[in-house]
Structure formats: C-alpha cells, structure tokens
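Here is a short briefing on one protein model. It covers salt bridges first, then a strand pairing.

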Amino acid sequence: MNLTQRRVPQVFGLGRSSSIRSFKSIDSSSITRGIHVFQCPDAVGIVAKLSECIASRGGNILGADVFVPENKNVFYSRSEFIFDPVKWPRLQMDEDFLRISKMFDATRSVVRVPKLDPKFKIAVLASKQEHCLIDLLHSWQDGRLPVDITRVISNHDRFPNTHVIRFLERNSIPYHYLGTSKENNREDEILDLVQNTDFLVLARYMQLLSGKFLQRYRKDIINIHHGLLPSFKGGHPSKQAFDAGVKLIGATSHFVTEELDAGPIIEQMVIIVSTLCSHLNSG
C-alpha cells in the first residue's frame, strides 16, 4: 500500500499495490474521519480483517492503499474511513486495531482521528527562498494543515517588516535565525529547539542534516524537494530536468534519510513542461 509512513516508498513501480475508493452514504450529522497506518509481515487475509474491523463498528472505508514490495515479505497499508464516535468510541477503536496488530505480528499500527486527537507539533526549517514556507503557512492558516507549528528555524536572517516575519508575529510563532557555516552547522542548537516536536518539515531548507542529527532526533523529518524523485536528486533539479529534455517536472515530499533525496516518497505533484512554459510566456 502507498502510505505516509517512514521507510515506506509510495511510488516505486515495483511490487504489488492496489487502491480502493468507496463513497457510500452515512449519517452526515455524526461523521468523523479516521486514518489507520499498518505494517506487518505479508500474509493472507490482512485486508479482509482490516475491512471487517471498520465495517463491524458501522464505519465506512473512503480509501485504502496497499503496497507489498517485490521480493520482500512485508505488507503496508493506509486506510481512511468515516465512523460514528458514539457507536465506535475512540478507546474501543484502539483496542480493535491492537487486536489485529497482535494477530498479524505488526511492527507498526497507528490510528489517528484528527477531530479528536491532539494535533501534531511540528517545526519548520527554511532557508532564503520562502515560497514553500509561505505556502505551508497559508495552508496552516486556512485549516488545510491540521498541525501546531511551534516555530520556524532558518539559516537566513529576515528583516522585521517582511511578509514572513509579520505573519509569524501575528500568529505568535517564534522565528529563530541560526546562521550556518562549514565549521558550524548549528545542529546542536536546532535539536534543542525541536525536542518537543512530533516531526520536522524542511521547506526548501538548503542545508544537509547529518546522520548524527537524524539518529539523535529519532523522529520523522519530511523534505519538500523541487523535483520528481528518484530522478534529479540534489541541487538544481529543474536545470537537471531541462538539460535532460524531460517533458514532466514537479515536486516531491519524502522522508529524510542519510542518503540525499533517497527517502520514501510521500506525495508528488506533476506538471507538463510545455504547459508551464506557455503559462510563463503568457505572463
């Protein structure tokens, strides 16, 4: 299954994968959305048991993605469903999925109910170019990004009267300028600032985080890469794509690993080069 989970590639073109989409009616007055992420050794009947678990409590699956890597005995899934919390209380939901987790000896089983669960706390790291940061902040402001942004950390100093600083001040989000150099990457100070976060987002943060940092942080780090991975890794991916004569470009969000731009892919956006060029020329 394609899923937003560490070390699980979403788009590989290898192995067995499938997607299910269902939009059956349910009492809209009590609709609550849930998400379940699952990882276990591959076996017969996993999808059936997960579906039965949700349906038996009156829930309805809106989407289910499954991925089984080629030549690996591992099963990944991400299910999105709606349910009535009166008929399926939150604690009961945890117990139900825990039972399935034990049944299949799962290595990971995570349930999230955004409407009921505490929001994830994140920190955002950015550099000079701020379009990714601005888009992320406005998505958060509009409610499309249901997280708590605890702070923004940057290796670029911004003047007080800039759009980003004014936005952060209005929303009481601290901004930390930590200038870096070859001799000092300021990773110890970054770690001190992000200790109480659930994960980090790199919004065009143009510094490489060391393996030591990843080992000490020990939580997920998501990078927004301005290119279609696994092609065109590293710097200047758009120029790489142009020089290669490709007709599709885009952006990739992926989990950060010690290998540059090689972590599991979460999501990708694609645009046709000719369409982009026409748009730019018309402007």
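A salt bridge here is a side-chain nitrogen of Lys or Arg within 4 Å of a carboxyl oxygen of Asp or Glu. This is a predicted model: local features need pLDDT of at least 70, side-chain atom pairs count only at pLDDT 80 or more, and totals for chains, interfaces and linings use all residues. Residues are numbered from 1 along each chain as its sequence is written, and side-chain values use heavy atoms, with hydrogens and water left out.

**Salt bridges**
- The structure holds 11 salt bridges.
- One of them pairs Arg 57 with Asp 96, with the closest N and O atoms 2.8 Å apart.
- That pair links distant parts of the chain, 39 residues apart: Arg 57 sits in the loop between helix 1 (46–56) and strand 3, Asp 96 in helix 2 (residues 90–103).
- Helices (H or I, at least four residues) and strands (E, at least two) are DSSP runs, numbered from the N terminus.
- Asp 96 also meets Arg 99 in a salt bridge (3.5 Å, N to O).

**Burial of the partners**
- Buried means under 20% relative accessible area, exposed over 50%, and partly exposed in between (1.4 Å probe, protein chains only).
- Asp 96 is buried at 1%.
- Arg 57 is partly exposed at 30%, and Arg 99 is partly exposed at 48%.

**Strands 3 and 4**
- Nine of the nine residues in strand 3 (residues 60–68) are buried.
- Strand 3 runs antiparallel to strand 4 (residues 75–83), joined by seven bridges; pairing requires that DSSP finds at least two bridges.
- Asn 60 has Ile 82 as its bridge partner in strand 4.
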